[in-house]
Each structure stands twice: as structure tokens, then as C-alpha cells.
Amino acid sequence: PNWPAYMDDGTGKLQTSMYSAYATFCADLVSLVNITQGHAVQYWEVTNEKDDTYDANMAALATIYNQARDAMKARDASIKVGGPSFARPDLTARVSTFIANAHAKLDFVSYHTYSSGNTADSNAQIWNSAAGLGGHTTDFKNIIATYTTRAIETHHNEYNISWNPPDGRMNDITGAIFDSLAMVSIAKAGATASAAWNEADGWYGKLEGWDP
């Protein structure tokens, strides 16, 4: 989900001299997976939760995305490319700046949410938060509509209770209720896709202790 360490400037940002190299790196991955190995992966997401790092310059993150997307599509025009996996979709100024600079090349926009960092928060608090998660999709749709009439998919592709685990409720019936409320809210808001983080581990997973 990140560029190689040698491309990083030491602060979590991509070196400006490495923009083209990173785009080629992403394109090489598409070639390997879809052409050489023939897996026909359709959706490709560029970067992961870099909006905190690029808070003061979301236009630069859009530039990185745009260059990577063009290189990837040049290798396989059938794929869908999107991003940037917002860590803070509630900070809509970040969202707006990114979409303003990347909307022409976005097949989908992606974002993540967590509802609590404190195990002392009541079940009612986290359930109420889950029931409102669709609001982020509504925000994204409204922002997209200010820049384009293109149909850009909305992917709420990571959500769970706590950004500060452990919180055992993510592994029990409390989490199941949270997930149900979240899915209903996200679906009613019209998100194209949603996915919980994640399915099988002892911290976030729905299938605690599952061994494939």
C-alpha cells in the first residue's frame, strides 16, 4: 500500500524526483498480475491513507495518483483505478482538494472510517456512529458533483469500531450489531462498495481464531 522505502523522502512523502518511477512501479505490477500471470484483477487502488501525510498539499497527492493511473491504464486499459483510501473522510477540505485535482482520472474514490479510540465509549455510542456512517458517502457524492457529472464510484472499503485496538467488541456480538448498522447506513447512502477491516484475526476480525 506504499511506495518502496527508497522512494520516500524520509517524512512519508514520495520524493518529487520519484513520481515517474513510482508510476512505472505501479504499472509494472499491473503488467505482472494481469498480463504475465493473467489474473484479470479489475480494481486497483493507488496509495493508502496518505491524506494525513499530505494534509497541507493534497494537490500533490492527486498529481502522484494521476501519473500512476495513466501509467497503469497504459498497460491494461480495462482496469479501474482509484484511491486514495482517505484515513479522514470527515475532513472534507482534504477530500475536495484531491477530487478537484483528480476527478478526471478517478474510476472510484475510496475512504476508511473507525468510530472509537476508547473502550470506555458505550455500545450505544458506537452503534449510533455506525448508523451514521453513510453520511461519508453522501459527502463524497456531493463533493464529486461540484466538479463533474462523471459517474465516479464510491468505495467505503474499510470500517470497524476502533482505531486504537484492542477492543474486544470487534470480535463479538457487539461488533456484529455494529457491522449490521454500518452496512445498512452505507447501503442506503448508495455507496458502490463497502468492506470491513477485517475478516479474520484476534483484533479486528469477525472470525477470531479462524485458521485457514
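Author: Helices (DSSP runs of H or I, at least four residues) and strands (runs of E, at least two) are numbered from the N terminus. The model is a predicted one, in which local features need pLDDT of at least 70 and side-chain atom pairs count only at pLDDT 80 or more, while totals for chains, interfaces and linings use all residues. Residues are numbered from 1 along each chain as its sequence is written, and side-chain values use heavy atoms, with hydrogens and water left out.

Reader: Why is serine 85 called buried?
Author: Buried means under 20% relative accessible area, exposed over 50% and partly exposed in between, with a 1.4 Å probe and protein chains only. Serine 85 has a relative accessibility of 0%, so it counts as buried. This serine lies in strand β2, and its phi is near 60°, a positive value in a residue other than glycine. Proline 84, also placed in β2, is joined to glycine 83 by a cis peptide bond with omega about 0°.

Reader: Why does alanine 40 count as exposed?
Author: Its relative accessibility is 60%, and the limit for exposed is over 50%, so the label applies. Alanine 40 belongs to the loop between α1 and β1 and has a positive phi of about 55°, although it is not a glycine.

Reader: Why is serine 31 called buried?
Author: Its relative accessible area is 15%, so serine 31 counts as buried. The residue is part of helix α1, and, with neighbours within four places in sequence left aside, serine 31 is in contact (heavy atoms within 4.5 Å) with Thr36 and Arg75.

Reader: What makes aspartate 179 a buried residue?
Author: Aspartate 179 has a relative accessible area of 9%, and therefore it is buried. Its place is in helix α6 (residues 173-188), and it touches Tyr159 and Lys206 when residues up to four places away in sequence are not counted.

Reader: What makes β1 and β5 edge strands?
Author: Two strands pair if DSSP finds at least two bridges between them. The open sheet has five strands in the order β1-β2-β3-β4-β5, with parallel pairing; β1 (43-45) and β5 (193-194) each pair on one side only, and they are the edge strands. Helix α2 packs on this sheet, touching β1 and β2 (80-86), and its direction makes about 155° with that of β2; the angle runs from 0 to 180 degrees between N-to-C directions, with axes fitted to C-alpha atoms, for helices over the stretch in contact.

Reader: How many bridges show that β4 and β5 are joined?
Author: There are two bridges, and at least two are required, so β4 and β5 pair. Histidine 156 stands opposite serine 194 in β5. Three bridges join β1 to β2, which also run parallel, and tyrosine 43 has lysine 80 in β2 as its bridge partner. Strand β3 (residues 108-116) is joined to β4 (residues 153-162) by eight bridges, with valine 109 opposite threonine 154.

Reader: Which members of the largest nonpolar core touch the most others?
Author: A nonpolar core is a set of buried Ala, Val, Leu, Ile, Met, Phe, Trp, Tyr and Cys residues joined through side-chain atoms within 4.5 Å. Of the 45 residues in the largest such core, those with the most contacts to other members are Leu14, Tyr22, Tyr54, Met72, Phe86, Phe98 and Ile99. Helix α2 (residues 58-75) supplies the largest share of this core, eight residues. Methionine 72, with neighbours within four places in sequence left aside, is in contact with Cys26, Ala27, Val30, Trp44, Val46, Ile79 and Val81.

Reader: At what angle do α1 and α2 pack?
Author: Helix α1 (residues 19-36) packs with α2 at about 35°, and their axes are 8 Å apart.
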